[in-house]
Amino acid sequence: MALLSIKNLKAKINETEILHGINLEINPGETHAIMGPNGSGKSTLASVLAGKPGYEVTDGEVLFNGKNLLEMPPEVRAREGMFLAFQYPVEIPGVSNTNLIKSAVNEIRKYRNLEPLDAFDFISMIKEKAAMVEIEQSFLNRSVNLSISSNEVFQMAMLDPVLAVLDETDSGLDIDALRIVANGVNKLRRNDNAFLVITHYQRLLNYIVPDYVHVLYKGRIVKSGGKELALELEEKGYDWIKD
Amino acid sequence: MEENNNILDNIAESEYKYGFVSNIEQELAPKGLNEDVIRFISAKKNEPSFLLEWRLRAFRHWQKMKEPNWAKVKYPPIDYQDIHYYAAPKNFNKYKSLDEVDPEILRTYEKLGIPLEEQKRLAGVAVDAVLDSVSVATTFKEKLNELGIIFCPISEAVHTHPELVEKYLGSVVPYTDNYFAALNSAVFSDGSFVYVPKGVRCPMELSTYFRINASSTGQFERTLIIADEGSYVSYLEGCTAPMRDENQLHAAVVELIAHKNAEIKYSTVQNWYPGDKEGKGGIYNFVTKRGLCEGENSKISWTQVETGSAITWKYPSCVLKGDNSVGEFYSVALTNNFQQADTGTKMIHLGKNTKSRIVSKGISAGRSDNSYRGLVKISKKADGARNFSQCDSLLLGDKCGAHTFPYIEVANKTAIVEHEATTSKISEDIIFYLNQRGISTEDAVALIVHGYAKEVLNNLPMEFAVEAKKLLSVSLEGSVG
């Protein structure tokens with residue numbers, strides 16, 4: 001069974017239809033990349049999958065783990081194992097990253113009928129996961145508005161999602177930050193989880209090598225292929241698709 | 001957008017969880033206020049003549065005063081002749097143990113989650129429980145006695161330590177101070193009295209739980225805390241009240257005196273009935289709280305978490321008279337539905353090198369109005385005085401209001417006064433971000449609010465901080481989903 005199955009998904013924001021019928025299947029163990037020019041609907045797709053308010057789904061269905069994703073509120077999607085790595089950092093004054101992650105981890109554990117982690121277990125988990133994705137722990141006690149690359153990757157490691165969506169997480173990152181993200185994702189790839197990498201540029205895909213590449217254009221997937229499709233796009237530009 | 005606005009509306013609609021009335025036989029003064037009623041109250045308490053005379057002087061002064069109207073709060077006129085000024089549990093006796101206390105009263109405490117036994121055993125907190133106007137249970141008294149610390153109802157102190165009461169009562173807040181202070185001085189029923197002798201560090205948090213429990217009864221607490229030279233005391237005040245329709249007047253006075261090298265820490269968690277979602281009912285809370293840093297190097301610190309009352313009019317203040325004395329004010333004021341809060345502080349710098357610090361965190365939800373009003377006054381002789389003020393406002397939704405009225409008066413060139421203020425809104429983006437991490441909107445709001453108020457909550461004693469955090473969450477709880 002597919003982990004994520006999107007059928008004829010149409011969505012609008014402010015009365016403007018952005019997605020005109022998306023079809024996509026992601027199986028466990030796969031990494032998919034979605035590329036496309038600005039305004040093609042990439043971020044809308046990520047937002048609709050995560051359940052961001054303001055978007056209205058007008059047609060189609062999305063099954064996640066065989067369940068109707070579109071009926072779930074955003075926090076339930078997260079607890080079911082959907083993780084969205086954000087494009088822009090969110091600042092929450094006075095809330096430390098550790099505190100935020102602890103709340104998140106324990107909410108997800110509660111949903112899975114597990115006991116909440118106590119302080120000791122939580123600290124060992126932090127150490128283990130930070131080592132796994134090779135991130136220094138020093139940033140953890142700062143407020144949330146820290147370097148997004150390390151933060152989002154670390155949160156991903158802590159929450160251990162079954163499907164992680166990276167919504168242009170690479171935009172604005174320098175090469176070091178890009179490597180942190182890519183390295184973290186690669187360390188987390190297993191045969192029972194999946195990644196959906198949304199990006200405008202091919203360079204991230206040098207580090208996170210996808211199994212499949214899809215090109216999104218004007219709210220539709222117009223081309224799908226293997227990792228070589230990304231290179232072809234890089235070479236020929238998006239104009240090649242538009243013809 | 002719309003959906004999130006609805007969510008914020010829902011959060012703003014949480015029910016008051018402590019609304020119930022317990023039946024304890026009351027003894028009421030007749031409604032209304034005149035010299036006879038004051039004589040009745042004084043006689044009931046078998047008071048010495050100096051106190052009766054003082055009450056009568058206060059009453060005569062009050063009659064000449066006008067109710068203040070400068071605060072940013074609105075309420076229908078109060079009929080001061082339609083209020084009972086005295087209510088006491090009948091057959092009031094001094095209880096030596098909890099067994100002798102009316103089981104109904106004990107059940108009331110249990111419903112509020114304040115088991116006296118538990119507190120005695122676990123927290124090391126001595127509880128002087130004030131139910132309506134008369135203290136019914138005082139614990140840990142013996143241990144405090146050994147150290148020479150006096151912690152008792154003020155009505156008792158009047159008999160056991162009249163010289164201290166006569167010396168200090170009204171010395172920080174004279175009855176001429178303001179309308180509500182004058183009223184309180186005339187009719188105060190009871191409250192706490194604390195005296196910590198020279199060089200003694202009070203080993204436990206002293207705690208009083210107030211509870212308004214009689215229909216149409218004004219509550220006029222009077223608290224007096226004296227820390228003699230080189231002593232230290234931490235005092236906790238917390239309260240909840242039963243749900244009812246009529247507005248209830250509360251006009252308390254708290255006076256603190258810190259002598260040379262002494263420190264007083266006064267913490268409040270206030271959760272009186274705020275009125276229902278339509279703004280009906282709720283407590284009117286007109287409080288005068290002031291501390292006098294009398295001696296050199298003395299320190300007074302106010303920490304308050306205000307979530308209740310329909311109207312809050314409250315400015316815990318410090319008069320920094322002693323050189324090098326320090327005043328602090330840490331406040332979280334949360335308003336929801338139709339609540340109105342006009343609260344803040346006054347820091348009056350008189351002595352040299354006096355320091356004050358103000359941290360005020362307002363949280364407004366629903367259709368409420370939340371104002372910070374603060375005065376920093378540096379007098380001519382206060383060389384080297386220093387003040388730092390931080391006033392932040394957090395808005396939930398777009399129907400509430402937050403206002404800041406800072407008043408700064410500086411008469412000495414060497415003073416340094418700083419004021420910082422911010423206003424922020426819980427944005428949909430932040431809520432969505434936390435939702436996407438598996439945290440529900442309700443918990444997300446709690447997380448944000450706790451983070452926002454952390455600097456103040458951290459100043460509360462441990463067990464009180466836990467209670468205060470719970471209270472903030474409960475006050476913003478709603479049917480989200």
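How many residue pairs are in polar contact between chain A and chain B? In this predicted model, the count is eight, with both residues of each pair at pLDDT 80 or more. Four elements of chain A each give two or more residues to the side that touches chain B: helix H2 (74–79), strand S6, helix H3 (97–111) and helix H5 (148–159). Of these, H3(A) gives the most, with six residues. By type, the residues on this side of chain A divide into 18 nonpolar, seven polar and six charged.

The contact as a whole draws 31 residues from chain A and 20 residues from chain B. About 2000 Å² is buried between the two chains, and 65% of that area lies on carbon and sulfur atoms. Three residues, Pro53(A), Glu75(A) and Phe86(A), supply 23% of the area that chain A buries against chain B, more than any other three residues.

Charged pairing across the interface comes to one salt bridge. Glu152(A) forms a salt bridge with Arg437(B), and the closest N and O atoms of this pair are 2.7 Å apart.

Within chain A, the next feature to follow is the sheet. Six strands form an open sheet in the order S6-S7-S8-S3-S9-S10 (chain A), and their pairing is mixed. Strand S6 (82–85) and strand S10 (220–225) of chain A each have a single partner strand, so they stand at the edges and one side of each is left without a neighbour in the sheet. On average, neighbouring strands of this sheet are turned by 20° against each other, direction ignored.

Ala33(A) stands opposite Val213(A) in S9(A).

Helices pack against these strands. Helix H1 (residues 42–50) of chain A packs on the sheet and touches S3, S6, strand S7 (163–167), strand S8 (194–199) and S9 of chain A. The direction of H1 makes about 145° with that of S8(A). Helix H8 (residues 228–236) of chain A lies across S3, S9 and S10 of chain A, and runs at about 45° to S9(A).

Note on methods. Residues are numbered from 1 along each chain as its sequence is written. Chains are lettered from A and ligands numbered from 1 in the order in which they are written. This is a predicted model: local features need pLDDT of at least 70, side-chain atom pairs count only at pLDDT 80 or more; totals for chains, interfaces and linings use all residues. Side-chain values use heavy atoms; hydrogens and water are left out. Two strands pair if DSSP finds at least two bridges between them. Axes are lines fitted to C-alpha atoms, for helices over the stretch in contact, and angles run from 0 to 180 degrees between N-to-C directions. Contact means heavy atoms within 4.5 Å. Buried area is the accessible area (1.4 Å probe) that two parts lose on being put together, summed over both. A salt bridge is a side-chain nitrogen of Lys or Arg within 4 Å of a carboxyl oxygen of Asp or Glu. A polar contact is a pair of N or O atoms within 3.5 Å; within protein, one must be able to donate a hydrogen and the other to accept it, and residues adjacent in sequence count only if both atoms are side-chain atoms. Ala, Val, Leu, Ile, Met, Phe, Trp, Tyr, Cys and Pro count as nonpolar, Asp, Glu, Lys and Arg as charged, and the others, Gly among them, as polar.
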